[in-house]
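Subject: Structure handover

Hello,

My notes on it follow.

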Amino acid sequence: MHIDLASYAARDPLADVCIIGSGAAGLTLATRLARRGRHVLLCEGGDQVFTERSQALYRGESVGDPYIPLDAARLRFFGGSTNHWGGMCRPLDAYDFTAKPADPRTAWPIDRDDLAPAYPAAADILEVSPIPPDTAIPGLALKRVHFSIGPATRLKDKYADEVARSPHLHYSRNTNLFGLETRDGRITGAVVRNYTGGTYRLRARYVVLACGGIENSRLLLWCNRQSGGRVIRQPATLGRYWMDHPHATLGRALVFAPAALGLDASQSVFLAPIPAMLATRGVLNCGLRLHRMSPEDGEALATHLALIAPRLGERLRRQPPGSRCGVVLRAAWEQQPHPESRVELDDDDRDALGMPRSRLVWRKTALDHHTVRECVLTLNDYLRRRDIGRVQLEPWLADDTLQFPEDGELAGRHHMGGTRMADTPEHGIVDRDCRVFGQDNLYIGGSSVFPSSGHANPTLTLVQLAVRLADHLDARLG
C-alpha cells in the first residue's frame with residue numbers, strides 16, 4: 001500500500017525489512033517478502049514516473065576514460081533502470097565465478113550452483129525465454145552462446161498493482177536515504193529526506209540498500225562519513241572495483257561459409273571464449289557479436305577487400321555473390337576488476353538534498369584491451385586457417401597501442417562493483433549473503449556486489465541474488 005511518509009514515521013513502527021530502492025533488486029525483495037507476510041517498508045527516492053527533480057540527483061562528474069553522462073546512464077523512479085532495460089539476458093558462465101588466470105580478483109565467494117535454485121523464480125520475474133545451451137564450434141576456441149532477447153519486462157507495470165494493494169508492503173515514494181544510525185554492529189535507524197525539507201527516522205529489523213551500481217557506493221560512502229566510519233569499519237574497497245561492460249565496434253568480416261558460424265539471414269551470432277582460452281590467451285570473458293550486413297553492404301565490403309588484397313579479389317570474383325556474407329563485429333566484454341576504477345564523493349558539488357554528488361572514475365586497463373583484441377584475432381585465425389573468411393580490424397585494435405574508442409556506444413550502462421562480495425572485509429564490503437561486514441542487519445541488493453562481471457548483461461544475475469537474499473532474510477526473521 002502507498003503511505004504518507006510523515007504519518008508513517010510519526011507512528012514509529014518497526015518494519016521487518018526496510019528496502020531502499022525500487023529497481024529490479026528492490027522490487028524482487030519487497031514483493032517476495034510481503035507475500036510471506038513480512039512487514040516491508042519500500043522507499044523510492046523518485047516518483048511513480050520520471051521527474052526532472054528526482055533525475056537531477058543522478059548528475060555527477062565522470063573522469064578517466066570517456067563515459068556516458070551519469071544522469072543518462074540510469075533512471076530514478078519506480079522500477080529504476082528496468083524502465084530502459086532492453087530485455088537481453090543470460091546467466092553468468094560457471095567460470096565467471098572463479099579466479100581467472102589473467103586476474104584472480106575475478107573470483108566470487110559463491111559459485112553458479114549457489115544461484116541455481118533462484119534461477120526459476122528470477123526467470124519468471126523477468127519473463128526470460130528458454131535459452132539454448134552453448135554450442136562448440138570445432139577448431140575454434142570460441143563457443144556459440146545464446147541470450148534471451150526481449151521483449152523487456154517492465155517491473156514498474158508488472159508490480160504496480162501488487163505494491164498498491166498489498167497489506168504487508170508499505171511503499172513510500174520521494175523518500176531519499178540520507179543517513180544510517182548504527183550501534184553495536186546493528187543499524188538502529190535510517191534517516192530519509194523528501195523534496196520539501198522533511199527529514200524522518202525509520203526503523204526496521206533489517207535494512208537493504210538496493211539503489212544501483214553507482215548510488216549504493218555513493219550512499220554508503222556518505223553514510224559512513226556521517227557516522228564517523230562506524231557503518232563500514234573496513235572501507236578500503238568501498239566504491240572501488242567499479243565495472244561496466246565496455247562496448248565497441250571491432251571491425252568487419254567477410255565470411256565465405258556462413259553456416260560454419262551459424263550465420264543466417266535472420267539473426268546475429270554471439271561468440272565467447274571457451275574456458276581453456278582464458279588460460280592459453282590470458283584473457284577475461286568476452287561476448288563477440290556478429291551482426292549480419294545487408295547484401296548490398298556485404299558486397300561493398302567484398303569490393304573494398306578485393307581492392308586492397310588482389311589475391312583475395314581473384315577468389316571473390318570467382319564466387320557467386322550469394323555464397324558469402326558480410327558482418328559487423330562488435331563486442332561487450334568483461335572489464336578487469338581494478339581498484340582505481342571507482343565511485344567517489346564530489347565534495348565540490350552537492351545535490352538538492354545536500355549530499356555530495358557521485359564522481360565516477362572509469363579506467364580500462366591493458367588487460368581490457370588484450371581481452372577483446374585476442375578474441376577477435378582468434379576468430380580471424382580460424383577464418384584464415386580454413387580459408388572461409390577475412391577480418392578487417394578497426395584502427396584502434398590494429399596494433400598493440402592501448403587505444404579505445406572515445407565515442408560511440410562506449411559501455412552497456414551495466415553498473416557493477418563498488419560494494420563487492422568477498423570472503424573477508426579486507427577484500428570486499430559484503431559477505432556471501434550480501435550482508436555488510438561488521439553490521440548484523442545491513443544488506444546490499446543489486447549488481448554493486450558483483451566481484452567480477454563476465455560478459456553477460458547483469459539483470460538476470462542480480463535478480464537471482466535478490467531471490468536468494470529474500471529467502472535468507474525470511475529465514476532470519478524466523
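A term first: a helix crossing is called left-handed if the near helix is turned anticlockwise from the far one by less than a right angle, and right-handed if clockwise. Helices (H or I, at least four residues) and strands (E, at least two) are DSSP runs, numbered from the N terminus.

This is a predicted model, in which local features need pLDDT of at least 70 and side-chain atom pairs count only at pLDDT 80 or more, while totals for chains, interfaces and linings use all residues. Residues are numbered from 1 along each chain as its sequence is written, and side-chain values use heavy atoms, with hydrogens and water left out.

Helix pair. α2 (residues 24-35) passes α12 (residues 459-477) in a right-handed crossing. The angle between them is about 35 degrees and their axes are 9 Å apart. Axes are lines fitted to C-alpha atoms, for helices over the stretch in contact, and angles run from 0 to 180 degrees between N-to-C directions. Contact means heavy atoms within 4.5 Å. On the α2 side the contact is made by A24, A25, T28, L29, R32 and L33; residues of α12 in it include L462, A466, D471 and D474.

Annotation. UniProt, in an unreviewed entry, places "domain: FAD dependent oxidoreductase" at residues 16-56; its positions are given in the numbering used here, feature names are shortened, and annotations may be inferred rather than shown by experiment. The span is 39% helix and 22% strand, and its end C-alpha atoms lie 31 Å apart.

Sheet. Six strands make an open antiparallel sheet, ordered β5-β12-β13-β14-β11-β17. Two strands pair if DSSP finds at least two bridges between them. β5 (142-145) and β17 (389-393) are the edge strands, each pairing on one side only. On average, neighbouring strands are turned by 30 degrees against each other, direction ignored. Helix α11 (residues 366-385) packs on the sheet and touches β5, β11, β12, β13, β14 and β17; its direction makes about 155 degrees with that of β17.

Inside the sheet, three bridges join β12 (residues 269-273) to the antiparallel β13 (residues 286-292), and F270 stands opposite R289 in β13.

L288. This residue lies in β13. L288 counts as buried because its relative accessibility is 2% (buried is under 20% relative accessible area, exposed over 50%, partly exposed in between; 1.4 Å probe, protein chains only).

Regards
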